[in-house]
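Good morning, colleagues. I would like to speak briefly about charged side chains and the way they pair.

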Amino acid sequence: MTGALLEILNLLGKQAHAIDGGAARQWAETFTPDGVFRSPTYPEPVRGREALTEFAAAFAANNPRAHHIVTNVCIDREISADECHVKANLLIVRTTSSDAVAIDRVTTIDDNFVRHGGLWRIAERVVTRD
């Protein structure tokens, strides 16, 4: 799964840049069409690309100086050639008005990745605050 890990790392990087840059549709397209995002920060899971797009747009609008930092990415369970479970740490940092950097959140993400249309996509993400 070495090639898969490189594709997944690339997708996670693009995903972080998309949500931080206000590219909500591109962020949502890193999920399957019926993808699910669950986080204790938000009261309900976000389901489906349209809702994911709205979620990402609202995040970017309300957090203009936020940056998602994804690290410690590993495939911790290979389910099949077209499905795997990925675990990573995600930090959300902000640049303050005085150009200082503050860590807003430290989380763990548990992603179920599947091949969709020949590309790796997230079927479900579960965020845990550390």
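What follows is a short account of the salt bridges in this structure.

This is a predicted model, in which local features need pLDDT of at least 70 and side-chain atom pairs count only at pLDDT 80 or more, while totals for chains, interfaces and linings use all residues. Residues are numbered from 1 along each chain as its sequence is written, and side-chain values use heavy atoms, with hydrogens and water left out.

Across the whole structure, the search finds eight salt bridges, each being a side-chain nitrogen of Lys or Arg within 4 Å of a carboxyl oxygen of Asp or Glu.

Let me begin with arginine 38 and glutamate 124, whose closest N and O atoms are 2.5 Å apart. Strands here are DSSP runs of E, at least two residues long, numbered from the N terminus. Arginine 38 has a relative accessible area of 30% and is partly exposed; glutamate 124, at 28%, is also partly exposed. The terms are as follows: buried is under 20% relative accessible area, exposed is over 50%, and partly exposed lies in between, with a 1.4 Å probe and protein chains only.

I turn next to aspartate 110 and lysine 87, which form a salt bridge at 2.8 Å, N to O. Because aspartate 110 lies in strand S5 and lysine 87 in strand S4, the pair ties together parts 23 residues apart in sequence. Aspartate 110 is buried at 17% relative accessibility, whereas lysine 87 is partly exposed at 34%. Finally, salt bridges with shared partners join Arg94, Asp104 and Arg105 into one network.

Methods: Helices (H or I, at least four residues) and strands (E, at least two) are DSSP runs, numbered from the N terminus.
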